[in-house]
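Here is a briefing on a two-chain model. Look over the sequence and the structure first, then read the points by topic.

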Amino acid sequence: MTAALRFDPIRLPEKCEQLRKEVRAFLAEEIAAGTFDPNKPNREDTDAPEFSRRVGAKGWLGMTWPKKYGGQERSFLERYVVTEEMRVANAPTRRFFVADRQSGPVLIKYAPEHIKMDILPRICRGEVCFAIGMSEPNSGSDLFAAKTRATKTDGGYLINGTKIWTSSAHIADYMIAIFRTSPPTKENRRHGLTQFLVKMKQPGIKVNPIGQITGQYEFNEVVFTDFFVPDDHVLGEVDGAWKQATSELAYERSGPERFLETYYVLTELVRAVGSNPDTRSAEGIGRLVAQLHTMRRMSVSVAGMLEAGKEPVVEASIVKDIGTVWEQQLPHRVRDLAAFVEETASNRETLEQQLDFAIKTAPKLTIQGGTTEVLRGIIARGLGLR
Amino acid sequence: MAESDNIVVETAEKIFADLADPQTINHDKSGSWQAPLWQALSEAGLPLAWVPDDLGGSGASLADGFALLNAAGRFAVAVPLAETMLAGWLLAQAKIASPEGEMTVLPASPRDRITLDADGALSGRARGVPFAKAAKHFAVLAHGKNGVSIALVDAGKGRIESGLNVGYDHSDTVTLDKVQPVAIKAAPGGVDQTQLMLMGGVARSLQIAGALEAMLDISVRYSNERVAFEKKISKFQAVQHNLARLAGESAAALAAATSAADAIANAPSFDDAVYLEAASAKIRCAEAAEKGSAIAHQVHGAIGFTIEHILHRYSLRALAWRDDFGSESHWAVELGKLVALRGADELWPLVASR
């Protein structure tokens with residue numbers, strides 16, 4: 001038999017359930033205090049610096065990291081619980097989400113000690129926001145086509161070029177980006193890119209907002225003009241960024257955010273149909289819940305593998321592939337099922353507003369963080385087809 | 001492919017490999033392989049895996065039995081292993097000893113009902129009963145005035161209208177007309193028709209997941225052998241992406257089925273959470289059977305559509321198994337009703353409790 005895919009039925013340990021209660025209580029307080037409205041995923045106030053600090057104060061940022069960097073040395077399964085509860089509540093996580101999920105772990109692995117001591121505790125306190133500088137105007141899924149140059153100069157590098165589709169760059173304090181330090185070689189077209197830590201909000205960096213079809217301005221164009229990055233901001237091996245990507249991708253791709261992005265419309269549909277749905281609504285809801293449950297079990301299973309120190313790159317790609325296709329279809333299926341909801345349903349307006357937003361959000365879900373096509377290529381490689 | 005990590009599965013896989021090689025049995029139109037295979041499985045105690053020692057079985061755990069069913073799905077063999085296991089499990093719930101030989105369970109659909117009258121006789125019609133024609137005994141769940149009973153019935157006492165499912169396995173209609181059982185006892189608290197259907201549904205889910213694993217395996221292998229347009233077809237991106245989707249469906253089926261099996265094996269009772277797990281497994285695995293077998297056939301082209309090729313042994317069975325113990329439509333309606341009854345704000349807590 002060729003394929004070696006396993007999704008063992010990992011269960012969250014008891015301590016996770018205690019934590020879940022704490023997170024739910026915290027979020028309920030924040031909602032009661034008016035920090036955010038869980039029914040309005042389309043709100044404009046997604047950047048919530050004070051909320052970010054309060055999450056940090058709870059010890060829920062960088063919670064798996066070493067204590068000396070401000071972390072809690074808790075498990076990935078505990079982090080999983082915090083992430084999924086925040087997502088389901090539509091909490092404003094934009095300011096800290098990227099730093100907590102991937103920038104912090106990259107720094108832990110590749111940054112010099114003094115930088116870790118400086119930045120990681122601030123991430124844990126919810127004080128800093130990170131962006132990721134990967135895509136360029138002519139380099140998206142094909143990461144290794146990146147052209148933004150980092151030219152060696154005294155004590156560091158001069159950066160020239162443009163990053164694009166950079167989420168949160170307009171509020172970010174830092175960016176982790178890849179820049180070209182050498183041309184690719186004949187033998188290895190992936191050679192020549194280096195990962196850097198970039199301090200944002202400085203001369204030489206211009207951030208231009210880009211409007212999205214949802215009406216929001218989450219992503220940006222970031223233009224670097226002779227921007228200086230010191231030597232100690234190089235993360236890992238010069239010219240060797242391609243070696244550093246794989247294991248982080250499993251974290252980035254298998255989390256609850258990969259199938260819960262449009263979850264709110266399912267809740268509202270259940271509310272709208274009431275306690276005694278007709279057969280059509282019941283069947284539709286049943287199928288959606290079965291798929292949701294299955295994806296969560298797969299996602300938890302991957303979290304368990306990560307906790308056990310494995311690198312389930314193919315399994316994580318499968319979770320993101322079917323999870324994002326599902327969350328993309330979800331608003332459309334909910335729309336189908338909502339067609340016969342009573343005009344008098346008390347939450348009809350909320351449901352319609354949410355559907356409007358979710359349908360506009362849906363196209364990006366199978367693009368951001370690794371397109372469906374890239375994921376299926378990775379899965380195919382895992383199957384021994386490439 | 002889940003490597004076998006317990007002795008029950010190892011034993012079964014060895015027997016299947018020795019006596020149920022898919023290529024060999026596919027060419028054997030007489031079915032002469034069935035008797036030796038059944039004998040070997042029986043000698044190893046596998047059909048009565050879920051029956052405790054003192055009731056005539058081999059006393060394997062629920063978890064081991066579920067893993068065995070997953071392995072059986074990977075070989076998609078046409079013998080009533082799952083059915084006899086379920087029958088033995090049902091009888092053991094009422095402490096009724098299991099006889100030797102093939103068994104199956106009645107009813108096999110949530111829409112059918114067997115009744116128990118005041119004289120202790122059983123009546124009713126059960127449709128789509130897998131392997132009824134091959135069975136020597138039926139394990140019957142019946143409804144009487146005093147609640148639910150479990151009975152052992154001599155298969156010769158029922159009237160059997162024989163039929164075949166889309167996988168060419170027996171799926172028969174069994175009519176009981178005032179049949180006196182060999183043994184009958186009241187079902188213990190909690191054991192009812194819904195629980196029997198969920199157990200059967202999870203068994204089928206594991207078999208479907210196993211069949212999908214096998215379909216993925218033979219499809220990948222075929223794509224690495226077959227040459228078209230001067231390349232192996234595995235080098236075409238369209239084929240690669242189809243196979244990646246098949247891997248996804250196979251993985252989803254396996255995850256849903258093993259999670260449900262784990263839930264049942266460790267649950268003190270069939271509460272809402274176990275219901276979510278078991279119903280979801282049947283729904284998701286049935287959906288995966290449809291999508292996955294379509295892709296496996298697409299990759300194989302015309303050769304996979306021939307009766308000589310082994311693919312249909314997996315694809316048609318996976319599709320047929322969707323119908324047993326409640327289809328995905330049935331469970332989706334029931335699960336949807338449960339979710340609606342609990343209310344919108346209880347949906348996430350239910351999902352997150354797993």
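The model is predicted.

**Chain A**
- Chain A has 11 helices and 8 strands.
- Its C-alpha atoms fill a box of roughly 70 × 55 × 40 Å along the principal axes.
- A compact globule of 386 residues would have a radius of gyration near 21 Å, and chain A agrees because its value is 21 Å.
- Of the 386 residues in chain A, 51% are buried.
- Among contacts in chain A with a separation of 6 or more, 75% join residues 24 or more positions apart.

**Chain B**
- Chain B has 11 helices and 10 strands.
- The radius of gyration of chain B is 20 Å, close to the 20 Å that the globule rule gives for 354 residues, so chain B is as compact as a globular protein of that length.
- The C-alpha trace of chain B spans about 75 × 55 × 35 Å along its principal axes.
- Buried residues account for 56% of the 354 residues in chain B.
- Residues 24 or more positions apart make 72% of the contacts in chain B with a separation of 6 or more.

**Where the chains meet**
- The contact takes 48 residues from chain A and 46 residues from chain B.
- On the chain B side, α6, α7 (237-266), α8 (272-300), α10 (328-342) and α11 (347-352) each supply at least two residues.
- Helix α7(B) gives the most to this side, with 15 residues.
- By class, the side of chain B that touches chain A has 27 nonpolar, 12 polar and 7 charged residues.

**The nonpolar core**
- In soluble globular proteins, nonpolar side chains tend to be buried together.
- The largest nonpolar core here has 238 residues.
- The residues with the most contacts inside this core are A:Met175, A:Leu269, B:Val202 and B:Ala257.
- Helix α6 (residues 193-223) of chain B supplies the largest share of this core, 17 residues.
- Beyond its neighbours within four places in sequence, A:Leu269 contacts A:Ile285, A:Val334, A:Leu337, A:Ala338 and A:Leu351.

**Helix α1 of chain A**
- Helix α1(A) covers residues 14-32, which is 19 residues.
- From first C-alpha to last, α1(A) reaches 28 Å, close to the 27 Å expected at 1.5 Å a residue.
- The buried residues of α1(A) are A:Cys16, A:Leu19, A:Val23, A:Leu27 and A:Glu30.
- Seen down the axis of α1(A), these buried residues fall within an arc of 75°, so they line one face of the helix.
- The face turned away from the buried side carries exposed residues, including A:Glu14, A:Lys21, A:Ala25 and A:Glu29.
- Helices α2 (49-57) and α3 (76-88) of chain A are among the elements that cover the buried residues of α1(A).
- Just after α1(A), A:Gly34 takes a positive phi of about 85°.

**A loop proline, A:Pro277**
- A:Pro277 is in the loop between α7 (264-273) and α8 (279-307) of chain A.
- A:Pro277 counts as buried because 24 other C-beta atoms lie within 10 Å, where the cut-off is 20 or more.
- Leaving out residues up to four places away in sequence, A:Pro277 touches A:Ala282 and A:Ile285 in chain A, and B:Gly336, B:Lys337 and B:Ala340 in chain B.
- A:Pro277 and A:Val341 are 64 residues apart in sequence, and their C-alpha atoms are 9.5 Å apart in space.

Notes: Residues numbered from 1 in each chain as written. Chains lettered and ligands numbered in written order. Predicted model: local features only at pLDDT ≥ 70, side-chain atom pairs only at ≥ 80, totals over all residues. Core = buried A, V, L, I, M, F, W, Y, C linked by C-beta atoms within 7 Å. Buried ≥ 20, exposed ≤ 12 C-beta atoms within 10 Å, placed from the backbone. Helix = DSSP H or I, 4+ residues; strand = E, 2+ residues; numbered from the N terminus. Contact = placed C-beta atoms within 7 Å. Nonpolar A, V, L, I, M, F, W, Y, C, P; charged D, E, K, R; others polar. Rg over C-alpha atoms; globule rule 2.2 N^0.38 Å. Expected span 1.5 Å × (residues − 1). Arc of directions from axis to C-beta.
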